[in-house]
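Visitor: Pick one part of this model and take me through it closely. Keep it brisk.

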Amino acid sequence: MQDILETEFGGMNDIFARLYEVTKDPDHLLMAKRFDHQRIFKPLADGRDELKGLHANTQIPKFVGAAKEYEVTGDPYYERIASFAWETITQHRTFATGGTSSYEHWRTGPDQLASEIGASTAETCCSYNLLKLTKHLFTWNPKARYADYYERALFNAILASQNPENGMMLYFCSLKPGHWKVFNTPRDAFWCCTGTGIENHAEYGDSIYFHDDQGIYVNLFIPSELSWQEREITLRQETPFPREGKTILTLSTPESQQMVLRIRVPYWATKGVTLKINGVEQEVDAQPQSYLRLERIWSNNDQVEVTLPMTFHMAPLPDADNLASMQNLNPRKNYNVLYHAERGHRYELNLAAIMYGPLVLAGRLAEDKLSQDVIFGNRDARPEDLLAEVPDLFVDEGDPNEWIVPVEDQPLTFRTQNVGRPEDVTLVPFYQIYDRPYTIYWIVIKKLQPGAKYLKTYND
Ligand SMILES: [Zn+2]
């Protein structure tokens, strides 16, 4: 049986554990455990990442299954597998979008991603299954960091995987600078990621709210209405997010009742939080990546308004200073020479994405749309000569708030200022780009102060 498990078999342990949950038939639990792939499970249970070389989405459903097996058995072995898998994949093996994998695989060790930037990155099924895993972990241990990852992957890997004009979906999410998104077609190109992809876009309402005995967690800022029947509470959320970091929650309850309302303060909310209850500003002490905890006796039509200013921040790759990978992405330039010295200055080079709040920003690299036959269909045989030129960003300040400005009258549209070479670029949320070349990852070149030592040499 263990030999058979070397092939891709989906989430069979998950399916049988779920069946056992319904039937309580011990044979179904036995069957779930027969699908436990021990060669993969044991190192994870011991806290070791031995994922290098493995096919990513063959494994992630097994981890979702381990989570379910923990829930039906209480065996901590399964809890350790699911938790460590989540930790090492989402914190050490994902790109800025929250997606993972390259050519469907984990080809490198943890924190080695610069060499993996290419056109066949971040298979959409992987993001889909990581969201499932995240949901399990949050229900065991409701930490804001789980919900932060969920938001990141939902807005940047999932929302960005559908073509808004015709509903077609991505297989790989290309991270190759100057490349574009390649979508399926209704008849001739249909991938695993098309199947899971259809489920993705039916699930935006799925993980906005959670509850415990005390009250409600508001994890995502999405216009919605929650009906919590046991407590006869309705919670209505109105929000312009992500155009604006603001949300208004209105509570309906037939009788006033005590409840805890927890509102996520995301990791990116570093410029403070303002809170109004029924129009009256309240004192708040909320750190990024935590929950604003509001416990009180709530009455009908009570209203909570939360403002979380969004700012720009960089999301460098863990091995952002991998010069060989930069050179590989842009062979026409000589980063080696630049790195060592140019007219007596020193430079620090990094491969990084730019974020606005939770949104990955993409550089819009061409005003002309690509033709339909390039954007849709078989993912192979793409004309490389259509790759757009990608500017490098020469910055004095590492803080992007110093060199990105909003474009007037165009929500969520920004422009770099005097840093792009050969020219500045327009930045929009990654999910808004679907018919022209883009880049998410930039080579960011920071001039160090004269006399400053640079960190490494190329040969290091
Ligand atoms: Zn897939």
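Guide: Start with a definition: two strands pair if DSSP finds at least two bridges between them. The model is predicted.

Now the strands. Strand β1 covers residues 209–211, and strand β2 covers residues 215–218. Three bridges link β1 and β2, and the sense is antiparallel. That count meets the cut-off of at least two bridges, so β1 and β2 pair. Three residues lie between β1 and β2, and the two strands form a hairpin. Take one bridge as an example. Y209 has V218 in β2 as its bridge partner.

β2 has another neighbour. Strand β6, residues 257–265, is joined to β2 by four bridges. Here the strands run parallel. Y217 is bridged to R262 in β6. So β2 pairs antiparallel with β1 and parallel with β6.

Next, the metal. The zinc ion has four protein donors: E123 through OE, and C125, C192 and C193 through SG. They lie 2.2 to 2.3 Å from the zinc ion. Along the sequence, the donor residues follow the spacing E-x1-C-x66-C-C.

What is the arrangement of the four donor atoms around the zinc ion? It is tetrahedral, because the angles run from 96 to 121°. The test asks that all angles lie between 85 and 135 degrees. For four tetrahedral donors, the ideal angle is 109.5 degrees.

C193 is buried, because its relative accessible area is 0% and the cut-off is under 20%. C192 has a relative accessible area of 42%, so it is partly exposed.

Terms used. Residues numbered from 1 in each chain as written. Predicted model: local features only at pLDDT ≥ 70, side-chain atom pairs only at ≥ 80, totals over all residues. Heavy atoms only, no water. Donors = N, O, S within 2.8 Å, 3.2 Å for Na, K, Ca; no water. Tetrahedral: all angles 85-135°; square planar, octahedral: opposite > 155°, others 65-115°. Buried < 20%, exposed > 50% of the residue type's maximum accessible area, 1.4 Å probe, protein only.
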